[in-house]
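Q: Can you walk me through this one? I'd like the overall picture, then the details.

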Amino acid sequence: MDLSERGTATGRHPWETERFRAYRGILADHGALAAHRVLDVGAGDGWFSQSLLADLPNAEQIVCWDINYNELELTTDDPRLVRTADAPSPGFDLVLVLDVLEHIGDPERFLEHDLRPLTSPGSPALVAVPAHPGLFGDHDRALGHHRRYTPERLLDEVAPWIDVVDHGPLFPSLVAPRAAAVALERLRARFGADGNAQTNGDPQTLGDHGVGGWHHGPTTTRLMCGVLAADARATRRFPGVGRRLTGLSHWVFGTTR
């Protein structure tokens, strides 16, 4: 979860839990869970990395690197889980860059000058970004996104840094609801309503309306998780078809050059 999306929910949003399971499955499919030292770039509240620890039998350290951490957020309960707001030391054999590049004004420079020195050639890397530029809306602006991606743009952007082995969409089923929400925003803006009324860029409000604001009961949560899990399985089972779809996110797995 992005630090700005933390809200009052006590449980995780189905999007978060099924996103985690989908990306864990991709890492497992490509034998990337044998890593000893893992870097989670833009790790946010660190839930993803903390959850992944159980599937990393050889893990000595997962470094959650997020420039937005304050001093009170650097302490963790597991000595293998480290949080830092500063650039970490090199030597990682797995890198996660999940929903990060859209926050960076010059992602090509970031990949070349900030990430490349931290890994040796041949290290696995998983990169994911929000997909479909036409879905860019108020939520993206509130999160500080510069862009949403086409698959082609993501592949071109990471090509100098990694050799791409696999890629695909995540959650095509969420594209239509997101498109409807963005269309409503634009209608409100066109007819004089404040399209930013829900978030106004305020972190607390953003959290309550984003993934940090999930307050539904167990039945609704299970139903949503089931739908998203089936969605993720389908795009992995039929990759040729899946790559012709547009998901709410797009991911790339490869090895560093």
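Q: Before that, what sort of model is it, and how are residues numbered?
A: The model is predicted: local features need pLDDT of at least 70, side-chain atom pairs count only at pLDDT 80 or more, and totals for chains, interfaces and linings use all residues. Residues are numbered from 1 along each chain as its sequence is written, and side-chain values use heavy atoms, with hydrogens and water left out.

Q: How many helices and strands in the protein?
A: The protein has 9 helices and 7 strands. These are DSSP runs numbered from the N terminus, helices being H or I with at least four residues and strands E with at least two.

Q: How much of it is buried?
A: Of the 257 residues, 49% are buried. Buried means under 20% relative accessible area, exposed means over 50%, and partly exposed is in between, with a 1.4 Å probe and protein chains only.

Q: What share of the contacts is between residues 24 or more positions apart?
A: They account for 79% of the contacts with a separation of 6 or more. Contact means heavy atoms within 4.5 Å.

Q: Rings next. How many aromatic pairs are there?
A: A search of the whole structure gives 3 aromatic pairs. Rings of Phe, Tyr and Trp (its six-membered ring) pair if their centres lie within 6.5 Å; planes under 30 degrees apart are stacked, over 60 edge-to-face, and the rest tilted.

Q: What is the geometry of Phe20 and Phe48?
A: Edge-to-face, at 5.1 Å centre to centre and 80 degrees between the planes. Phe20 is in helix α1 (residues 14–29) and Phe48 in helix α2 (residues 47–52), so the pair ties together parts that are 28 residues apart in sequence. Phe20 is buried at 6% relative accessible area, and Phe48 is buried at 7%.

Q: What about Trp65 and Phe110?
A: That pair is tilted, with 6.2 Å between centres and 35 degrees between the planes. Trp65 belongs to strand β2 (residues 61–65) and Phe110 to helix α3 (residues 107–115), so the pair ties together parts that are 45 residues apart in sequence. Both Trp65 and Phe110 are buried.

Q: Which rings are linked into a cluster?
A: Phe20, Trp47 and Phe48 are linked by ring pairs.

Q: Where do charged ends sit over rings?
A: The charged end of Arg37 sits over the ring of Phe92, 4.0 Å from its centre. The charged end of Arg153 sits over the ring of Tyr149, 5.5 Å from its centre. The criterion is NZ of Lys or CZ of Arg within 6 Å of the ring centre and within 35 degrees of the ring normal.

Q: Switching to strands. How many residues of β4 are buried?
A: In strand β4 (residues 94–98), 5 of its 5 residues are buried. Leu94, Leu96 and Leu98 cover one side, and Val95 and Val97 the other.

Q: Which strands pair with β4, and in what sense?
A: Strand β1 (residues 37–41) pairs with β4 in the parallel sense over 4 bridges, and Asp40 stands opposite Leu96. Strand β5 (residues 124–130) also runs parallel to β4, joined by 4 bridges, and there Leu96 stands opposite Leu126. Pairing requires at least two DSSP bridges between the strands.

Q: How does the chain cross from β4 to β5?
A: Through α3, in a β-α-β crossover that is right-handed. With the strands pointing away from the viewer, right-handed means the path from the first strand over the helix to the second runs clockwise.

Q: Which non-glycine residues have a positive phi?
A: Asp99 is one, at about 55 degrees; it lies in the loop between β4 and α3 and is buried at 16% relative accessibility. His132 is another, at about 70 degrees, in the loop between β5 and α4 (138–143). His132 is partly exposed, with a relative accessible area of 30%.

Q: Last one: what is Val158 in contact with?
A: Beyond its neighbours within four places in sequence, Val158 contacts Leu101, Leu111, Val127, Val164 and Val252. Val158 lies in helix α5 (residues 151–158) and is buried, at 0% relative accessible area.
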